[in-house]
Amino acid sequence: MKPESKLWREVKENLPNIFWTRFENWASPGVPDVLGIKDGIPFFVELKVIRSNKINLSPHQIMWNYKYSLKGGRSFIMAQALSQRLLHIFPGFLVHSIASEGILAAPRWTFPMDPASWHGIQELFLHSPLPSPPAQQ
């Protein structure tokens, strides 16, 4: 099984109270991997598995997340660092910084990959305040 498929399985199994839809992105380039909704709050998550500090995002992923954020949508980039068993989660509007700085981009939230972390991850997806992204020049 591919690493991102394993991460998807972890997310689905550990956040069962969220209704998830996984997308095949060949149909619409740039749309994140999964859509979640709970309590009427929808959000998108792009899943990445990384072996270094670099997070590879396509130009389509960068533009989609940024434009979606400009309209007030909730989107996140979740990067699993294999070597550390950590999850780094970034608000979607940071895609330009993430593409250039990787996991060093801020703000970000970092969680250990353990059962106790998943409640905090769910709260982050549903209730974290996400400021409006600055307009790109």
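Seven bridges join strand E3 to strand E4, and these two strands run parallel. In this pairing, Phe-44 stands opposite Ser-75 in E4. Strands are counted as paired if DSSP finds at least two bridges between them. Strands (E, at least two residues) and helices (H or I, at least four residues) are taken as DSSP runs and numbered from the N terminus. The model is a predicted one, in which local features need pLDDT of at least 70 and side-chain atom pairs count only at pLDDT 80 or more, whereas totals for chains, interfaces and linings use all residues. Residues are numbered from 1 along each chain as its sequence is written, and side-chain values use heavy atoms, with hydrogens and water left out.

The pairing of E3 with E4 belongs to an open sheet of six strands, arranged in the order E1-E2-E3-E4-E5-E6 with mixed pairing. Strand E1 (19–22) and strand E6 (109–112) each have a single partner strand and stand at the edges, so one side of each is left without a neighbour in the sheet. Direction ignored, neighbouring strands of the sheet are turned by 25° against each other on average. Here axes are lines fitted to C-alpha atoms, for helices over the stretch in contact, and angles between N-to-C directions run from 0 to 180 degrees.

E1 is joined by four bridges to strand E2 (residues 34–38), and the two run antiparallel. The bridge partner of Phe-19 in E2 is Ile-37. E2 in turn pairs with E3 in the antiparallel sense, over five bridges, and Gly-36 stands opposite Phe-43 in E3. E2 and E3 form a hairpin with two residues between them. Asp-39, located in the loop between these strands, has a positive phi of about 55° although it is not a glycine. Asp-39 is exposed, with a relative accessible area of 60%; the classes are buried (under 20% relative accessible area), exposed (over 50%) and partly exposed (in between), for a 1.4 Å probe and protein chains only. A positive phi, near 55°, is also found for Arg-85, a residue other than glycine. Arg-85 lies in the loop between E4 and E5 and counts as partly exposed at 43% relative accessibility.

E3 is mostly covered, eight of its 10 residues being buried. Helix H1 (residues 3–14) lies across E1, E2, strand E3 (41–50), strand E4 (75–81) and strand E5 (86–91), and runs at about 140° to E3. The end C-alpha atoms of H1 are 17 Å apart, which agrees with the 16 Å that its 12 residues should span at 1.5 Å a residue; the expected span is 1.5 Å times one less than the number of residues. Leu-7, Trp-8 and Val-11 are the buried residues of H1. Seen down the helix axis, these buried residues fall within an arc of 100°, so they line one face of H1; the arc is that of the directions from the axis to the C-beta atoms. Their cover includes E1, E2, E3, E4, E5 and helix H4 (118–127), with contact meaning heavy atoms within 4.5 Å.

Helix H2 (residues 59–70) lies across E3 and E4 and runs at about 135° to E4. Ser-69 is found in H2 and counts as buried at 9% relative accessibility. A polar atom of the Ser-69 side chain lies 3.3 Å from the backbone nitrogen of Phe-93.

Notes:
Polar contact = N/O pair within 3.5 Å; in protein donor to acceptor, adjacent residues only side chain to side chain.
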